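Hi everyone, thanks for coming. Have a look at the structure on the screen, and I'll talk you through it.

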Amino acid sequence: MSSDPDFISSAGPKTEELVFDAKEAQRRRRASRMQRVGDHLKREWQLYAMLIPTILWLVIFLYKPMYGLQIAFKDYSIFRGVAASPWIGFEHFETLFNNDQFLRALRNTLIMSAYGLLFGFPVPIFLALMFNEILNQKFKKTAQTIVYLPHFISSVIIAGIVITAFSPSAGIVNTILGWFGVDAVYFLTKPEWFRPIFIGTGIWQEAGFQSIVYLAAIAGVSPTLYESAVVDGASRWQMMWKITIPSILPTIIIMLIIRIGNILEISFEMIILLYQPATYQTADVVNTFIYRQGLQGGQYDFAAAAGLFNAVVAFILVMTANTISKRYSRTSLW
Amino acid sequence: MSGVQLEGIVKAYGAVQVVHGIDLEVQEKEFVVLVGPSGCGKSTTLRMIAGLEEISDGDLTIDGRHVNRVAPKDRDVAMVFQNYALYPHLNVADNIAFGLRIRKESKDAIASSVEEVGEILGLTPYLERRPADLSGGQRQRVAMGRAIVRRPKVFLFDEPLSNLDAKLRTQMRAEIKRLHKRLGVTSIYVTHDQIEAMTLADRIVVMHDGHIEQIGTPMELFLNPANTFVAGFLGSPPMNMISAQVVAGDAGPVAEFGGQRIQLQQIPSLQNGVGRPVTLGIRPEFVSVADQSDPAKVRLEVDLVETLGSEALIHASLMGDPFVIRTDTVGQMHVLDGISGFTIQPHLVKVFDAETGQTLPGQVLEQ
Ligand SMILES: Nc1ncnc2c1ncn2[C@@H]1O[C@H](COP(=O)(O)OP(=O)(O)O)[C@@H](O)[C@H]1O
Ligand SMILES: [Mg+2]
């Protein structure tokens, strides 16, 4: 219609008027929107006031430190400071990917995460399902308390327990092996034993506590679903498979997304407590590598590059997991 | 004989007894409605029949078999719950098929059953949808489908329409009735809604505080309530209750209250009851309105006349208590304009013992 010349010429003066009107309307709209936002703020200011501490925390502890990330691309020296250090582009990243220790750490991280996910992720779900089947309330409470307990013990003490348990002289593991005539093994110096011990320790420490999330999800399932199934003739086993598990599946998926996002966040204090140079070969992960390079070796810029790489990979992983989940299961974190 | 018999059924939670010994015999193909105020033990009774609650005492027989200790799945009953109990992760077809899959029926048999039930309930276009994408009425229908598809001996319904809005409730009520006619399965239906009970039931069981107050057809209960509780519970608007005393009149017993009198039936229990304090029960529908010209009327203080078209509701008070009249309007508008009281035939006045609330014997209204 606008390509019709007659229309344009005949509507000439009118169009101008219209343009004016449109501009005026837009101005008014904008003004009224500002007004609305103002009114809204005035009315709900308490809610926004409550947000302030969280925003401050985010800014001070998460956003402000990002300023320092730039040293990953700089030849950083403490004396010159972050801003004054010269840019050097991707040099640190090149060094990183030519560093055998870093590549080893990356490989170890991925392997340990994968095993952790494979063996560690299902255990809390399994525990929650088992707790749910316990009918005796007293026994259930006691069992739950016992498996929650390790979560509340400091990692240092947990590591102490593990080291003692696997010690070749007095450890319970070697004692038991001794009964069967097996010679004492110094487990914590053997690279091939580090991963099973580390992953086993993680499961022992956290699985019980992680099961709380699933127990809460199970508690949210409407009891009439089970009653209806009972009348239909379902066994406890069938109810678990056909009602409980599908009902908590969204929770499982969310936990999985979070877990995948944290895949590079191996609990590195536990590694530091358990590893030794003899087991670096299988035990050294990106975070322990960063720790040794950055804090112990003083190569802050190089360590920042490794850390940034870690963060970028984690970000991509979360986004991917979330997208896949949204597409296939209608469940997503955002 | 797929009847259900309850003999002295008791339910106690610890020391608290909530159902106090219920006797009920449901005939094959009968539609029985348990009705009563909230908390009177209807659901508990139904759940004991389903096997979801243990029976504390008494005997339960389904289809001639003693089933107190029989697992729910082996009682051959199906239950429809108030909140539908649909599996959110399954589509309509799978929800309906759930019970059959549990019983490991063949794929073909399941498919054809689901199709048939879908057709009966008008769910065919929705078979692929998840419950979240259905309206309340459709969800209710799926819940019924889950029950029907198993072809049980007995249907148990626990307030299946309570979550629906008034219009849908009326519609689904009719549908349940039709379904019962078509399938002819023994049904026990729990509701707190007396209109649902009146419209659906072959027989109504009125419950109160864990007891059965009365059992009978809807009209039996409406015309001949056994006591003031049943009289007040069934019918809407509810029966008017007046405290009165029986005195001897010129033409047999008369009820006297606040200086006014109503003629009563000449039956022995009333003739011998002179001086007795009673409660009169007067249905809003059973009175004739009267204006100034009728001297024999019971006088009322009229607050409000609501004209609803073919009928009118008159809100009045009698000795300070509310009194409601429901009457036809056609040909009566001149009376309604000047209404000041009512008249009633003696046999339509129900007389209850003032203390026990029980109907005095001998007053039977024929349907
Ligand atoms: N698990 C229970 N423990 C103790 N009391 C209960 C339990 N379930 C129901 N009751 C009591 O039993 C009575 C009857 O409940 P119910 O059968 O659900 O009533 P309704 O007639 O409304 O369906 C109520 O007073 C209720 O508080
Ligand atoms: Mg109930």
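**Where the two chains meet**

Let's start with one pair: B:Arg150 and A:Asp232 join their side chains in a salt bridge, 2.6 Å from N to O. By salt bridge I mean a side-chain nitrogen of Lys or Arg within 4 Å of a carboxyl oxygen of Asp or Glu. Across the interface of chain B and chain A, the rule finds three salt bridges.

Before going on: this is a predicted model, where local features need pLDDT of at least 70 and side-chain atom pairs count only at pLDDT 80 or more, while totals for chains, interfaces and linings use all residues. Residues are numbered from 1 along each chain as its sequence is written, chains are lettered from A and ligands numbered from 1 in the order written, and side-chain values use heavy atoms, leaving out hydrogens and water.

Together the chains bury about 1700 Å², 58% of it on carbon and sulfur atoms. Buried area is the accessible area (1.4 Å probe) that two parts lose on being put together, summed over both. In chain B, the residues that lose the most area to chain A are B:Tyr87, B:His89 and B:Ile102, together 28% of what that side buries.

Last stop, chain B's B:Val33. Leaving aside neighbours within four places in sequence, B:Val33 is in contact with several residues, including B:Tyr189, B:Leu200 and B:Val205.

Note on methods
Contact means heavy atoms within 4.5 Å.
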